[in-house]
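Visitor: Please take one part of this model, the aromatic side chains, and examine it closely. I would also like the criteria behind each term, and a short account of any helix packing that can be described.

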Amino acid sequence: MHPGIAYATLAYVIWGLFPLYFQFFRSVSPLEIIAHRTLWSLVFLAAVLIWRRRLAWLAPLLRQPRVLGVFALSALLLAGNWLVYVWAVTNGQVLESSLGYFMLPLVSVALGTVFLHERPRPGQWLAVAIAAAGVAWLTWQTGRLPWAALALALTFGFYGLLRKTAPLGALEGLSLETALLLPLALGYLAWTGQAGQAAWTQAGPGLLAALLAVGPITAVPLLLFAAGARRIPLATLGLLQYISPMLQFVLGVWLLGEVASPARMVGFGLIWAALLCYSLEGLWRQRVARLAM
């Protein structure tokens with residue numbers, strides 16, 4: 001297997017299996033999980049930066065308030081995405097979280113059109129329209145918007161939009177984002193600990209180990225993804241990204257006991273049809289471009 005494909009596939013498989021890991025935290029509030037995720041991710045990332053001697057970017061960056069502001073905003077979007085995801089998988093909403101990540105490529109197309117003035121091709125517009133029909137169907141069937149799915153897709157879509165033009169790589173950017181979130185994380189952990197409401201102050205060895213491990217488990221797939229993205233075409237990476245939400249969907253139905261009613265499956269089917277249209281159109285355009293060379 002091509003190393004880039006192997007790295008990216010492993011990253012998406014790890015992300016797809018996250019719902020199983022977060023079942024350990026049903027007794028922990030989502031905010032506390034995010035606080036631990038921020039703290040221990042930064043500890044792990046700092047160790048990696050020191051080991052690889054990649055700290056020279058930090059001093060010049062401190063003299064660029066505009067860049068720091070952009071990364072503060074991306075950090076808040078990332079934290080919001082984490083919070084919604086953790087809430088979903090610890091509250092029996094794994095199917096809806098998978099729907100959010102199925103929708104993400106199509107949301108990215110829409111954001112690129114609005115903010116980057118990109119011009120989607122007719123096939124991409126068709127995919128977005130089919131996906132919108134799927135969301136409308138799910139809303140009509142359940143009587144409410146699939147807000148968790150939309151929040152996941154929009155927060156990560158806007159996060160990707162900001163990172164697309166950011167001057168830092170994956171490792172440095174994630175390190176800066178977690179460092180900017182650290183005061184909020186430490187403040188929350190200290191406040192809940194003093195009030196006797198924190199799980200970590202009363203956790204047994206198993207739960208404490210799981211909380212400590214949440215940092216590396218967050219950071220490792222991001223680093224694998226970055227390594228894969230540098231080595232393979234964007235079209236290949238786009239197809240591989242469906243591994244994660246598909247695994248989440250399978251876990252939700254087969255292992256975690258969530259119900260996929262026929263009406264709900266119609267909505268999912270429309271989203272999958274939109275993704276198929278989007279992927280086939282991209283592959284066809286890539287083939288045409290190669291033949292024209």
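Guide: F156 is partly exposed, having a relative accessible area of 29% (buried is under 20%, exposed over 50% and partly exposed in between, with a 1.4 Å probe and protein chains only). Y159, by contrast, is buried at 10%. The model is predicted, so local features need pLDDT of at least 70 and side-chain atom pairs count only at pLDDT 80 or more, whereas totals for chains, interfaces and linings use all residues. Residues are numbered from 1 along each chain as its sequence is written, and side-chain values use heavy atoms, leaving out hydrogens and water.

The count of aromatic pairs comes to 20, where rings of Phe, Tyr and Trp (its six-membered ring) pair if their centres lie within 6.5 Å, and planes under 30 degrees apart are stacked, over 60 edge-to-face and the rest tilted. One of them joins Y21 and F25: the planes stand at 85° and the centres are 5.4 Å apart, so this pair is edge-to-face. Y21 is buried, with a relative accessible area of 14%, and F25 is buried at 0%. F156 and Y159 form a tilted pair, with 5.4 Å from centre to centre and 45° between the planes. Both belong to helix α7 (residues 147–164), and because they are 3 residues apart there, about one helical turn separates them (helices are DSSP runs of H or I with at least four residues, numbered from the N terminus). F156, Y159, Y21 and F25 are among the members of one aromatic cluster, which also includes F18, F22, F24, Y85 and Y101.

As for helix packing, α4 (residues 65–90) meets α8 (residues 170–194) at an angle of about 80°, their axes being 9 Å apart (axes are lines fitted to C-alpha atoms over the stretch in contact, with angles from 0 to 180 degrees between N-to-C directions). The two helices are therefore roughly perpendicular, a term for angles of 65 to 115 degrees. Among the residues that meet are L68, F71 and W82 in α4 and L174, L176 and L181 in α8, contact meaning heavy atoms within 4.5 Å. The residues of this contact comprise 12 nonpolar, 3 polar and 1 charged.

Helix α8 also holds S175, which is buried at a relative accessible area of 4%. Beyond its neighbours within four places in sequence, S175 is in contact with L42, L45 and L49. A polar atom of the S175 side chain lies 2.7 Å from the backbone oxygen of L171.

Definitions and conventions: Angles under 35 degrees count as roughly parallel, over 145 as roughly antiparallel, 65 to 115 as roughly perpendicular and the rest as oblique. Ala, Val, Leu, Ile, Met, Phe, Trp, Tyr, Cys and Pro count as nonpolar, Asp, Glu, Lys and Arg as charged, and the others, Gly among them, as polar. A polar contact is a pair of N or O atoms within 3.5 Å; within protein, one must be able to donate a hydrogen and the other to accept it, and residues adjacent in sequence count only if both atoms are side-chain atoms.
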